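Subject: Structure for your review

Dear colleague,

Please find the structure below, together with its sequence.

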Amino acid sequence: MTELEKHYNKFNEDKRLLRRHGQVEYITSMKYIHKYLDLLQEEMQEESGTLPCILDVGAGTGRYSVALAEEGYDVTAVELVKYNLGILKKKGSSVKAYQGNAMNLKRFGPESFDMTLVFGPMYHLYTFEDKLKALSEAKRVTKTGGIILVAYCMNEYGVLTYGFKENNVKECLADGRLNSDFHCVAEEKDLYDYMRLEDIAALNEAAGLSRIQIISADGPADYMRPVLNAMDEETFKLFVEYHLSTCERPELLGAGAHTLDILRKE
């Protein structure tokens, strides 16, 4: 069993996205998923009148894929960790769920899906080459004109929380997990890898993908967990409204825990 499997056998992604900081990420991601599903649907109705079909790569326990299937979309999910896949399948949805690796989607032919979600894999791939394989596979299985949404964990969040807030920065600099530029250098045992905006741009260029837009999926929410949890419901709704009104602002993009890159296959 890999370290990743051990981690997700204990960690429930469903519960994370139900907590208030996770709700911010989920609500924001779903807003942009629907924005581009609507765009695809408008384009497709001119031809066939069918709904877009979706591939969820690294689907976890199906938080996104099951919700989208319940809305009537044709959803296929791929998940590496058997434990997560088992939870997804037990939900009894129409999602077609398979075990698989983001770097090798050989089960699917070229141009099979209108939208591809890559919300988990980039967190746990530790080299540029492996990330490029995953992004290239997402591109291969997405139809020309289709949309690819890719989530990343951000470098400054990792440095500020694990490095400074949890007081590990000196140790990380000493053992090479941080370089002299305070860029995270992750290995498999670290479980998560962290990116900067220029790293994401380099991946897109190497994969030959064009960005439509990039957003901060959770903004300051992860830093503010105790504050969010203490808010009354009305104030929390205002915070979500504030975040949705600012998540596209360039000055916030690299600071949140998660960034969502939205690409088009041309």
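Predicted model: local features only at pLDDT ≥ 70, side-chain atom pairs only at ≥ 80, totals over all residues.

**Cysteines**

The sulfur of C184 lies 7.6 Å from the closest cysteine sulfur, that of C172, which is too far for a bond. A disulfide is defined here as a pair of cysteine sulfur atoms within 2.5 Å, and the structure holds zero of them. C247 is likewise in no disulfide, the nearest cysteine sulfur being that of C153, 17 Å away. C184 counts as buried because its relative accessibility is 14%, and C247 counts as buried at 1%. Here, buried means under 20% relative accessible area, exposed means over 50%, and partly exposed lies in between, with a 1.4 Å probe and protein chains only.

Residues are numbered from 1 along each chain as its sequence is written, and side-chain values use heavy atoms, with hydrogens and water left out.

**The nonpolar cores**

In soluble globular proteins, nonpolar side chains tend to be buried together. A nonpolar core is a set of buried Ala, Val, Leu, Ile, Met, Phe, Trp, Tyr and Cys residues joined through side-chain atoms within 4.5 Å. The largest one in this model has 47 residues, and those with the most contacts inside it are I33, L68, M115 and L149. Helix α3 (residues 20-45) supplies the largest share of this core, seven residues. Helices (H or I, at least four residues) and strands (E, at least two) are DSSP runs, numbered from the N terminus.

Which residues are in contact with I33, leaving aside its neighbours within four places in sequence? They are Y64, L68, M115, L117, F119 and L149, where contact means heavy atoms within 4.5 Å. A second, separate core has 27 residues, including L105, V150, M195 and L203.

**Helix α3 and helix α4**

Helix α3 packs with helix α4 (residues 63-70) at an angle of about 45 degrees, and their axes are 12 Å apart. Axes are lines fitted to C-alpha atoms, for helices over the stretch in contact, and angles run from 0 to 180 degrees between N-to-C directions. The two helices, α3 and α4, are therefore oblique to each other. Angles under 35 degrees count as roughly parallel, over 145 as roughly antiparallel, 65 to 115 as roughly perpendicular, and the rest as oblique. The crossing of α3 and α4 is right-handed: a crossing has this hand if the near helix is turned clockwise from the far one by less than a right angle, and is left-handed if anticlockwise.

On the α3 side, the residues making the contact are E25, Y26, S29, M30, I33, H34 and L37, and on the α4 side they are R63, Y64, A67 and L68. S29 is buried, with a relative accessibility of 4%. Not counting residues up to four places away in sequence, S29 touches Y64, F119, A217 and L260.

Why is α4 described as largely enclosed by the rest of the structure? The reason is that six of its eight residues are buried; these are Y64, S65, V66, A67, L68 and A69. Just after α4, G72 takes a positive phi of about 105 degrees.

**Helix α3 and helix α11**

Helix α11 (residues 233-246) also packs with α3, at an angle of about 45 degrees and with the axes 11 Å apart. These helices, α3 and α11, are therefore oblique to each other, and their crossing is right-handed. R20, Q23, V24, I27, T28 and K31 of α3 meet E233, F236, F239, V240, H243 and L244 of α11. V240 is buried at 9% relative accessibility, and beyond its neighbours within four places in sequence it is in contact with V24 and I27.

**Two loop residues**

G60 is found in the loop between β1 (53-57) and α4, and it counts as buried at 10% relative accessibility. Leaving aside neighbours within four places in sequence, G60 is in contact with E79, N84, L85 and L88. G60 and Y8 are 52 residues apart in sequence, and their C-alpha atoms are 8.8 Å apart.

Yours sincerely
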